[in-house]
Amino acid sequence: MTSARSQTTPSSPAHNLVIPPVLHSPPSLSNFNDHHFSAGNLSVTTPGLESSASSVTNLDLNDGILVHEVDPEVDTTHSEDTTAVGQIDDVADEESRKNLRDHLRRTLSVQREKSDSKRKTEELLEISSVSLDTTLEGYRPREYFVLTDAGKPVFASRPDGQDIENLSSIMGIVQALLSVFLDDGDKLRCINAGRLRITFLLRSPLYYVCASTWGEPESVTRSHLEYLHLQILSIVTASQLRRIFERRTNFDLRRLLDGSEPFLFSLLGRMELDLAMATSSLNCLQLDQSLRARDTLYIILVARGQVITLVRPKKHSIHPADIHILVNTVYSPSIVNSPASASWIPVCLPKFNPAGFVNAYITFLHRPDADQKYHYRTTRECNESADVTGASHVAENSQAATLRHTTRLIEDSGIGLVCISGGGEFETVRVWCDIVTQKLNDDGSLDALARAVDSGKTSYFASQLGIPGLRHFVYKSRSHVQITLPAFEEPYDTLDAKRRIVTLYQTVHDAIHAKSGQTGNLKLQYIRTEKEIVLGWITQPFELYVVLSPRLPKTAVINAANAVTRWVKKQEGQLFLRDAPVF
C-alpha cells in the first residue's frame with residue numbers, strides 16, 4: 001500500500017477487489033536490473049559508470065498551438081491537498097474506525113523512506129539484457145469506480161446490474177480506507193497485491209479508484225483517473241460541484257450525470273490504447289501539408305478520431321487534455337448516431353476554464369459510402385476474430401465488443417467540423433459553419449480530404465520505413481506537443497498484443513520521466529523481453545520509443561533509433577500540425 005507520506009508493503013496475494021489480510025511487495029522498475037545508454041550519441045555506457053539523469057531543459061515555447069508543461073503528466077484542477085467540502089460520514093462508530101486503523105497498522109510494514117542524500121545519489125546499474133515478465137493470461141478489463149467523499153456511488157465501469165451487492169461493499173471499503181488515512185492527515189495512493197494494483201485519486205468532493213492487473217506503472221492508472229475526472233468536469237463544472245456539495249454533502253451526483261455514461265465508457269475505451277493521451281500530446285493525421293492550412297477555418301477539423309487542423313485565437317494555446325475530452329465527446333454514440341445534421345452542446349473544457357461552459361457546434365461533413373463501410377468492417381472483423389474467439393470471460397468479450405463498436409463509429413463518421421463558441425448564438429455559428437463547408441466544397445478541399453481519409457493514406461506502417469528489425473515506434477515532438485506512430489501490424493495486430501506493447505511503452509515512459517517515485521529522470525531506458533526490445537530516448541527536441549526484434553545487437557538498435565528520427569524529420573510536414581492559422 002502506498003500513501004503520500006509512507007510506503008507500506010502488504011504480505012499475501014489477492015485476486016478480487018477486496019482488502020486482503022496481507023499483501024506482497026509490488027514489483028519495481030529498480031528490480032528489472034534495467035540498463036540505459038548515454039543519450040548524447042546513443043552509445044552504450046560501460047559497466048560501473050553512473051547512469052546519466054536527464055538534463056533536458058525547458059524549451060523556448062512562445063505562443064505555440066498546444067500548451068506545454070514541464071511535467072507532461074495530466075495535472076489537476078484542484079490539488080490533492082484540497083480540503084474536503086463536507087465531512088466524511090462515519091464508517092460505523094468510533095470503535096469500528098479505531099479497529100480498522102489498528103488492523104491496518106498491524107498488517108502493514110512501513111518502509112523507511114530514503115534520505116535526501118540517497119535520493120540525489122545516482123544508482124550504478126549493471127548493463128545486461130532485461131528479462132521482463134509480460135506474459136498475462138489475457139488482459140482482464142480494468143475496473144473504475146467514482147464515489148463522493150460521503151461514500152455515495154457515482155460511476156462504475158461494470159455492466160449495469162452486475163454484482164450490485166459486491167459493488168456496494170467495495171464502495172464502503174474504499175470510503176472506509178480513505179477516511180482512515182485522511183483522519184491521520186495522510187493520503188492513500190495505491191494498494192499492491194500480487195498483480196493487482198488498486199489506485200486512488202482524491203479530487204474532492206469525488207474519489208476515483210482503478211483496479212488493474214495489467215502490470216502498468218502506477219502513474220498510468222492515475223493518469224486514467226485524472227482524465228475520468230476531467231470528463232466529469234466537462235459535464236458538471238468544478239464550481240458547480242463545489243456549490244452542490246457545500247449545500248448537501250450527501251448529494252447523489254448520478255442525477256446530474258444521468259445519460260452521460262456513454263461519454264465515460266467511450267473515454268475508458270480510448271485510454272486503453274491511445275498513446276497520445278498517455279504522453280499528454282496530440283496525434284494528428286498524416287496528411288499533405290497543403291490540406292491542413294486553411295486560413296478561413298476558425299474551427300477544428302477531425303477525422304477517424306484525430307485532428308486534421310485547428311484554428312485558435314492569437315495568444316491562446318490549447319491544452320492537449322481539453323482536445324482529448326472534446327474529441328471523445330464528439331465521437332460518443334449519442335453524437336455520431338444523431339439523426340440531426342448538427343449538434344449544439346454545452347461542454348466545459350477544464351484546462352481552459354473549469355468554472356464555465358462553452359458551446360460546441362458539431363457536424364459531420366462527409367461519411368464513407370456503404371461499400372467503403374463494408375470493406376472497413378470486413379477487414380477489421382477478420383483481424384479481430386481471434387481476439388473474440390480466445391476470450392474466456394463475458395466481461396472481456398463485452399469490453400472487446402464495446403471497443404470494436406467505438407472504433408466502427410469513429411471510422412464510419414468521416415470528416416467532422418467542430419466550432420467552439422463562448423456565446424450562445426447558435427444561428428450565427430450555424431450560418432458561419434455552412435459558409436465554411438461551402439467554401440471547402442467549392443475549392444475541392446473536402447473531396448481531397450475525403451479521398452485521403454477513405455484511401456487509408458492518412459496512416460502508415462513501420463515496415464514501410466525499411467529499417468531492419470523495426471516493429472513499431474512512437475515519436476513525440478516536444479516543441480509541437482504531438483506524437484506520430486505507425487498503425488499496428490504483425491506481431492501486434494491482435495487486441496491482447498496491442499495491450500501488451502502499449503503497457504511496455506507506458507513502463508518505459510514512466511521510467512524516463514520518473515513518474516512513480518524513481519530517484520530521478522533518465523535520458524535513455526532499454527528493456528529486453530523474450531519477444532522484443534523496447535528503447536526509450538529523450539532529448540531536448542523529441543522523445544522516441546521504439547520496439548524492435550529481440551535478436552538485434554545493441555549497435556543495430558542504436559542505428560534503428562537514429563534511422564527513425566531521420567525519417568520523421570523528413571516527413572515532419574505531413575506528420576505534425578505546424579503553424580496552424582490564428583485569428
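The following dialogue explains how terms are applied to a predicted model of a protein chain.

Biologist: On what basis are features of this model reported, and how are residues numbered?

Modeller: The model is predicted, so local features need pLDDT of at least 70 and side-chain atom pairs count only at pLDDT 80 or more, while totals for chains, interfaces and linings use all residues. Residues are numbered from 1 along each chain as its sequence is written, and side-chain values use heavy atoms, with hydrogens and water left out.

Biologist: What makes a stretch of the protein chain a helix or a strand?

Modeller: Both are DSSP runs, numbered from the N terminus: a helix (H or I) has at least four residues and a strand (E) at least two. In the protein chain, 18 helices and 19 strands are found.

Biologist: Why is Asn-192 called buried?

Modeller: Buried means under 20% relative accessible area, exposed means over 50%, and partly exposed lies in between, with a 1.4 Å probe and protein chains only. Asn-192 has 4% relative accessibility and therefore counts as buried. This residue belongs to strand E6 (residues 188-193). Of the 583 residues of the protein chain, 52% count as buried.

Biologist: What makes the pair Asn-192 and Arg-197 a polar contact?

Modeller: A polar contact is a pair of N or O atoms within 3.5 Å; within protein, one must be able to donate a hydrogen and the other to accept it, and residues adjacent in sequence count only if both atoms are side-chain atoms. The side chains of Asn-192 and Arg-197 make such a contact at 2.8 Å.

Biologist: Why is Gln-289 called partly exposed?

Modeller: Its relative accessible area is 38%, so Gln-289 is partly exposed. Gln-289 is in helix H9 (residues 289-292).

Biologist: Which residues is Gln-289 in contact with, leaving aside its neighbours within four places in sequence?

Modeller: Contact means heavy atoms within 4.5 Å. Gln-289 is in contact with Gly-573 and Arg-578, once neighbours within four places in sequence are left aside. The C-alpha atoms of Gln-289 and Leu-575 are separated by 8.7 Å, although the two residues are 286 apart along the chain. For the protein chain, 72% of contacts between residues at least 6 apart in sequence join residues at least 24 apart.

Biologist: How do you know that strand E8 is largely enclosed?

Modeller: In E8, 7 of the 7 residues are buried, so the strand is largely enclosed by the rest of the structure. On one side are Leu-206, Tyr-208, Cys-210 and Ser-212, and on the other Tyr-207, Val-209 and Ala-211; all are buried. The 6 residues of E4 are likewise all buried, so E4 is largely enclosed too.

Biologist: What makes E4 and E8 paired strands?

Modeller: Two strands pair if DSSP finds at least two bridges between them. E4 and E8 have 6 bridges in the antiparallel sense, and Tyr-144 stands opposite Cys-210 in E8. Thr-148 has Leu-206 in E8 as its bridge partner. Strands of a sheet pair through backbone hydrogen bonds, either parallel or antiparallel.

Biologist: Which other strand pairs with E8, and over how many bridges?

Modeller: Strand E7 (residues 196-203) pairs with E8 in the antiparallel sense over 7 bridges. Together E7 and E8 form a hairpin with 2 residues between them.

Biologist: Why are strands E9 and E17 said to stand at the edges?

Modeller: An open sheet of 6 strands has the order E9-E16-E15-E19-E18-E17, with mixed pairing. Strand E9 (282-283) and strand E17 (524-528) each have a single partner strand, so one side of each is left without a neighbour in the sheet. Within this sheet, strand E15 (residues 470-477) and strand E19 (residues 542-548) run antiparallel and are joined by 7 bridges.

Biologist: At what angle do helices H7 and H10 cross?

Modeller: Axes are lines fitted to C-alpha atoms, for helices over the stretch in contact, and angles run from 0 to 180 degrees between N-to-C directions. The axes of helix H7 (residues 261-273) and helix H10 (residues 320-330) come within 9 Å and cross at roughly 120°. Their contact is made by Phe-263, Ser-266, Leu-267 and Arg-270 of H7 and Val-327, Asn-328 and Thr-329 of H10.
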